[in-house]
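Thanks for coming, everyone. Let me put the model up, and then we'll walk through it.

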Number of protein chains: 2
Amino acid sequence: MAKPLPVSPLAPVDPKPPLPVSGVRCAAAATGIRYQGRPDLLFVELAAETTVAGVLTRSAAPGHPVTWCRRALASGTARALIVNAGNANVCRGEEGDEAVKREVTAAMRLVGCAADDVFVASTGVIGERLPVEKIEAALPDLAASLAHDEAAMREAARAIMTTDTFAKWSSRQVTLGDRTVTITGIAKGSGMVAPDMATMLAFVFTDAAIPAPALQVLLNRASDRSFNATTVDGDTSTSDTLLLFATAEAANAPPENADDPALAGFARALDEVTIDLAQQVVRDGEGARKFIEIRVAGAADDPAARRIGLTVANSPLVKTAIAGADANWGRIVMAVGKAGEVIELDRLGIGFGGHWVARNGAAVPDLDEAPVTAHLEGAEIAIDITVGGGPGRAVVWTCDLTHGYIDINADYRS
Amino acid sequence: MAKPLPVSPLAPVDPKPPLPVSGVRCAAAATGIRYQGRPDLLFVELAAETTVAGVLTRSAAPGHPVTWCRRALASGTARALIVNAGNANVCRGEEGDEAVKREVTAAMRLVGCAADDVFVASTGVIGERLPVEKIEAALPDLAASLAHDEAAMREAARAIMTTDTFAKWSSRQVTLGDRTVTITGIAKGSGMVAPDMATMLAFVFTDAAIPAPALQVLLNRASDRSFNATTVDGDTSTSDTLLLFATAEAANAPPENADDPALAGFARALDEVTIDLAQQVVRDGEGARKFIEIRVAGAADDPAARRIGLTVANSPLVKTAIAGADANWGRIVMAVGKAGEVIELDRLGIGFGGHWVARNGAAVPDLDEAPVTAHLEGAEIAIDITVGGGPGRAVVWTCDLTHGYIDINADYRS
């Protein structure tokens with residue numbers, strides 16, 4: 001059993017409360033699947049017209065819930081979501097699929113919906129049997145205690161945590177047509193957070209009316225700018241799941257497609273929510289003491305810049321140097337060099353906190369290291385990397401690699 | 001300055017001494033480039049007919065010595081090698097190239113050879129000026145004290161170390177035609193050891209007569225089976241250099257090409273030397289407490305198996321679980337899943353030390369964990385992974401990720 005961990009020093013201070021979303025009612029319970037004395041099961045009921053979009057792990061060994069969600073997404077509609085923490089329901093063969101079916105069947109009966117309107121996610125240990133009977137036993141009470149308020153949303157964010165040290169949520173309100181719509185997301189992260197689906201679990205709810213195909217495009221774009229621009233340890237989970245539910249309760253005029261000008265504000269707000277959640281996940285990276293923003297410019301194109309940024313973000317040598325407040329820019333050169341992208345070495349520049357330590361492929365002469373060191377001793381680190389004269393730019397986020405990461409991960413399962 | 005580190009617990013016990021190689025004379029000195037009180041400069045003189053082959057880092061930001069070696073390799077001949085530890089001579093612009101030229105010029109004068117017969121390698125901190133004048137000042141004395149014995153070879157291995165905790169060498173003797181030839185290699189490794197050139201520096205010497213083109217093919221193959229099958233932290237250096245020198249002093253009949261049947265024994269011995277060196281590098285991985293062999297079977301082909309193996313070997317979650325002697329095979333599932341290769345999930349099997357914990361895509365029922373745990377508490381870990389029914393197989397080596405890695409790398413430069 002994981003020991004209780006102190007709250008990350010990078011956690012948001014006094015965050016704004018999560019806003020309830022019309023058409024979203026939820027409840028959580030402590031079922032003792034793995035953890036004791038804390039909620040570990042979340043049930044969400046969604047209004048009748050809810051559409052859904054999803055981005056799922058690209059793992060070749062996906063969990064049983066992921067396989068289910070991939071199929072259920074085809075319908076584009078949703079009425080219920082079940083999430084448990086403590087057991088990921090991965091690598092259990094037919095038994096794992098059967099467990100998902102039992103969850104789905106229970107939700108169908110409680111909500112009165114089709115099977116593919118039920119979404120399921122599980123996070124936690126891989127390879128152990130999901131005690132689905134505990135979930136089945138708890139669901140009726142949860143369905144009877146659903147609530148549409150801030151407290152329920154906070155509890156939802158708490159119920160999906162594993163080694164997270166704080167609950168993560170983010171809300172925005174924005175105008176869509178002549179209506180004000182709300183977007184609220186919750187997420188859980190920590191280890192196994194990587195590009196190509198950067199958080200284990202994130203669920204975003206809105207009361208906007210948006211057809212599923214447009215919703216999917218919006219989610220792909222937002223995911224690309226947020227979760228896929230972050231990394232904690234370069235590992236991708238079997239269970240990474242990002243779902244966006246739109247309940248249509250705001251009764252705005254539905255947009256034609258994702259590029260409908262009416263959606264511009266909504267898309268921006270969705271970006272803000274997903275970036276906020278992704279950054280919170282990094283801020284709660286296992287053992288993290290420093291939040292690192294890496295800004296790459298001058299690459300051949302944006303994807304090349306992103307790949308360079310993520311290679312730097314994933315480098316254990318860079319991450320430990322930052323942990324030690326060491327302006328060891330050579331390690332950044334090393335990481336840039338191994339990214340597999342063409343760079344202009346004689347234009348390479350590296351800066352910390354706005355202070356350039358290398359320019360034009362060489363160390364800045366007679367550098368005053370004092371402001372660089374002062375910056376690196378802080379908790380919010382900015383690294384600028386220029387790799388040439390190209391137009392490609394990207395921003396990625398990561399955290400440092402510390403003793404805390406080892407402590408947590410050498411002893412998580414047992 | 002790095003603090004002195006205790007010798008890795010995985011270091012070879014009582015290794016056989018390095019065998020001198022005919023036509024190879026060397027000497028080392030302490031020049032204080034960075035370290036105090038230990039040799040940090042190696043000079044090697046090679047016999048007149050020496051051929052050379054090399055494998056250099058694929059980094060897009062290679063060090064100045066790497067750029068030089070890439071050009072010098074074109075001639076296929078070699079007479080001298082200069083290696084320094086403590087400063088990598090990377091990212092110094094024209095000054096860095098100029099420093100290499102000064103080293104080459106000094107060696108040319110001492111040995112009486114062409115510029116492209118001189119090979120140069122540097123390892124250590126990136127971005128700081130190489131004090132080439134210290135090298136120039138030391139070389140004449142080194143050239144006057146060259147020796148062809150075991151002690152000189154040991155000292156050579158010691159002179160190229162950075163954060164290594166023990167000197168690495170390996171020797172074999174084998175018949176080539178009607179002659180006995182010797183192969184002796186030295187290497188240095190530790191952090192920044194990764195696939196696609198797995199050690200920072202390795203130099204292999206033989207007295208065999210082998211034309212440069214054949215030598216290059218032999219080295220490519222050996223490198224593929226050894227250094228490119230290992231990883232310590234997934235980071236690739238700017239300076240990775242593997243050179244193979246053949247002095248021709250054994251006066252064997254030169255083989256026609258790399259596939260000449262006469263070379264079979266030599267090729268096997270070269271594999272043994274490079275695998276031994278690569279494994280020693282892993283055994284000296286920064287903070288390593290456990291040596292891990294990962295055997296992948298059932299992949300689509302050998303390269304796919306290798307990519308899966310290296311993805312597992314590079315996973316910080318897997319490496320920390322092994323550090324904690326935790327049979328957390330779910331993390332291996334996770335790493336296999338993210339490797340980007342097609343697998344047959346319902347045939348997935350995972351074993352530790354010959355004990356299968358998962359078979360056919362699911363946990364082994366009623367597993368007796370005791371022998372698994374006993375194996376994982378040892379220092380030599382074997383992981384078997386079956387990913388399907390294909391013919392692809394690979395073996396890769398890595399070490400665990402421990403607090404020692406953080407200690408060393410959060411404080412290396414300063």
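Start at the hairpin of β11(B) and β12(B), with two residues between its strands. There, B:G353 takes a positive phi near 60 degrees. This is a predicted model; local features need pLDDT of at least 70, side-chain atom pairs count only at pLDDT 80 or more, and totals for chains, interfaces and linings use all residues. Residues are numbered from 1 along each chain as its sequence is written, while chains are lettered from A and ligands numbered from 1 in the order in which they are written.

β11 covers residues 349–352 of chain B and β12 covers residues 355–359. They pair in the antiparallel sense over three bridges. Strands here are DSSP runs of E, at least two residues, and helices are runs of H or I, at least four, numbered from the N terminus. Two strands pair if DSSP finds at least two bridges between them. B:I350 stands opposite B:A358 in β12(B).

B:A358 has another partner: B:A363 in β13(B). β12(B) and β13(B) run antiparallel, joined by two bridges. Their hairpin also has two residues between the strands, and B:N360 takes a positive phi near 50 degrees.

Next, the two chains. How does chain B lie on chain A? A turn of 180 degrees and a shift of 0.0 Å along the axis does it, with an RMSD of 0.0 Å. That is the relation of a two-fold axis. In chain B, the C-alpha nearest the axis belongs to B:H403, 2.9 Å from it. The superposition is by least squares on the C-alpha atoms of residues with pLDDT of at least 70 in both copies.

On to the interface. 54 residues of chain B are in contact with 54 residues of chain A. Contact means C-beta atoms, placed from the backbone, within 7 Å. On the chain B side, α8 (316–323), α9 (329–337), β13 (362–363) and α11 (403–409) each supply at least two residues. The largest share, seven residues, comes from α9(B). The copies meet through the same surface, because 100% of the interface residues of chain B are also interface residues in chain A.

Last, the core. Which residues touch the most other members of the largest nonpolar core? A:V336 and B:V336, out of 296 residues. Such a core is a set of buried Ala, Val, Leu, Ile, Met, Phe, Trp, Tyr and Cys residues joined through C-beta atoms within 7 Å. Buried means 20 or more other C-beta atoms within 10 Å of a residue's own, with C-beta atoms placed from the backbone. Leaving aside neighbours within four places in sequence, B:V336 is in contact with A:A61, B:I308, B:V312, B:I343, B:I385 and B:V387.

That's my tour. Over to you.

Methods. Contact = placed C-beta atoms within 7 Å. Buried ≥ 20, exposed ≤ 12 C-beta atoms within 10 Å, placed from the backbone.
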